[in-house]
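Trainee: I'm new to this one and would like to go through it with you. Can I ask how we know each thing as we go?

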Amino acid sequence: MSFVRVPGGGQTLCRFHEAEERLLAPYAMRTSQSRGRRHPESPHPYRPDYVRDRDRIIHSASFRRLIHKTQVFVGQPDDHQRTRLTHTLEVSQIARTIARNLGLNEDLTEAIALAHDLGHPPFGHAGERALAERMRGHGGFDHNLQGLRLVERLEKRYPAFDGLNLTYEVLESLALRSKHVTAPQRQEFGPNLRMLAESQAVDAADSIAYTTHDIDDALRAHLITLDDLRIVELWRRAEERARSAYGSDLSGKQLTRGIIRSLIDWLVGNVLQESGRRLAGLTDVNSVKRSASAVVALDDDLTRQKANLECFLLERVYRHEQVLRTTAVAERSVSRMFEELLRDATRLPQSLVARLPDESPERIACDYIATMTDRFAQNLYRSLFET
Ligand code: MG
């Protein structure tokens, strides 16, 4: 089904589009150039298209469920650990800062950021691994493509169509973020072209957000110490920056917070500087889409240093035996629920079965599990196996 943009809109929208022309860089995506939506809709009198997309995402059930989905630490060791929702909000604010300073479309960037993790299953990457394993040979599972599926089909909020009927550009961002390059869902979104600069800003922000907040959460959970982190050059240099900004006698939690704040600030500043250099001379959206390398990125030195920090996180946090123990339990429970739902279809919600008559039983079970929050999945597990 193709995309349609319905012309029109009153004076307010007209003024908005003119303001974008003045404010946005030539390589930014303009709202007035959107390819539109699958189902034709008249323009809203005072909410431009990407603002409307953002509002639809925030009002969706999938977005609300993010509050009870694991980011990294299954079982929420304390009330201050990031959830998938607070991670999403951190990504959104960093991405908007990047977008505004590079002259990109901030509304589109915000909509993409708020949608970027909608398709994550319960229990973080443990849930994703379990579903990917179960769905091998049945079309696979990828959280980006699941996000696309949610906003295109599974959300039911409008009488006239399934899904949220988002603009092409927001759907494209979900499709092109998928690592499954040959997936049929990617094919209509220019699979061989690069993502919009707005989407690349969200990618950069996502990486900055999870790297820095996973350190914060790991310190809080006593999986690592400040001393452990000092073997990483990037961390040591961020500590020097924090001490010169906030005083050399910083210690304890104030020191941790100061270093993380300095690190975010440093990384975002570097993205702005490097991306400004890469974007200089690009004259339109097409030149972004056809550029040989990413246009929003860290420079080579910080890319290398950040990769070292991520290696540290992988070895010391994501593969910490305490984390592995809880994620192994979560992975097994997702697999077991999947098998049970396949064996006994009466445990599936009839609404889901009835809505998707053309889907395989595996896809229906996968959709059901993928939409669950951690809490819902734990309750269902108990009701299936412990009563
Ligand atoms: Mg994310």
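Trainee: Where is the place of phenylalanine 123?

Mentor: Phenylalanine 123 sits in the loop between H5 and H6. Keep in mind as we talk that this is a predicted model.

Trainee: What makes phenylalanine 123 count as buried?

Mentor: Buried means under 20% relative accessible area. Phenylalanine 123 comes in at 4% relative accessibility, so it counts as buried.

Trainee: And what is the phi of phenylalanine 123?

Mentor: Phi of phenylalanine 123 is near 65°, a positive value in a residue other than glycine. Most residues other than glycine have a negative phi. Histidine 222 also has a positive phi, about 60°, and is not a glycine either.

Trainee: Is histidine 222 buried or exposed, and how do you know?

Mentor: Exposed takes over 50%. Histidine 222 has a relative accessible area of 70%, so it is exposed. You'll find histidine 222 in the loop between H9 and helix H10 (226–229).

Trainee: Back to the loop between H5 and H6. How do you know whether aspartate 117 is buried or exposed?

Mentor: Aspartate 117 lies in that loop, between helix H5 (106–115) and helix H6 (124–134). Its relative accessible area is 3%, and the cut-off for buried is under 20%. So aspartate 117 is buried. Leaving aside neighbours within four places in sequence, aspartate 117 is in contact with Leu66, Arg84, His87, Thr88 and His143.

Trainee: What are the protein donors of the magnesium ion?

Mentor: They are His87 (NE2), His116 (NE2), Asp117 (OD) and Asp206 (OD).

Trainee: What makes those atoms donors of the magnesium ion?

Mentor: For this metal, a donor is an N, O or S atom within 2.8 Å. These lie 2.2 to 2.4 Å from the magnesium ion, so they qualify under that cut-off. Along the chain, the donors follow the spacing H-x28-H-D-x88-D.

Trainee: Why say that aspartate 117 and aspartate 206 tie parts together?

Mentor: Aspartate 117 lies in the loop between H5 and H6, while aspartate 206 is in helix H9 (residues 197–220), so the pair ties together parts that are 89 residues apart in sequence. Both aspartate 117 and aspartate 206 are buried.

Trainee: Why is H5 called mostly covered?

Mentor: Nine of the 10 residues of H5 are buried. Among them are Glu106, Leu108, Thr109 and Ala115. The buried residues of H5 pack against helix H2 (49–58), helix H3 (61–65), helix H4 (84–102), H8 and H9.

Trainee: How do you know that the span of helix H1 agrees with what it should be?

Mentor: Helix H1 (residues 11–23) has 13 residues, which at 1.5 Å a residue should span 18 Å. The end C-alpha atoms of H1 are 18 Å apart, so the two agree.

Trainee: Which residues of H1 are buried?

Mentor: Leu13, His17 and Glu20 are buried in H1. They cover an arc of only 55° around the axis, which puts them on the same side of H1. The face turned away from that buried side carries the exposed residues Gln11, Arg15, Arg22 and Leu23.

Trainee: Which residues touch the most other members of the largest nonpolar core?

Mentor: In that core of 86 residues, they are Ile57, Ile98, Trp235 and Val296. H9 gives the most to this core, with 10 residues. Apart from it lies another core, of 25 residues, including Ala126 and Phe338.

How values were computed. Residues numbered from 1 in each chain as written. Predicted model: local features only at pLDDT ≥ 70, side-chain atom pairs only at ≥ 80, totals over all residues. Heavy atoms only, no water. Helix = DSSP H or I, 4+ residues; strand = E, 2+ residues; numbered from the N terminus. Buried < 20%, exposed > 50% of the residue type's maximum accessible area, 1.4 Å probe, protein only. Contact = heavy atoms within 4.5 Å. Donors = N, O, S within 2.8 Å, 3.2 Å for Na, K, Ca; no water. Expected span 1.5 Å × (residues − 1). Arc of directions from axis to C-beta. Core = buried A, V, L, I, M, F, W, Y, C linked by side-chain atoms within 4.5 Å.
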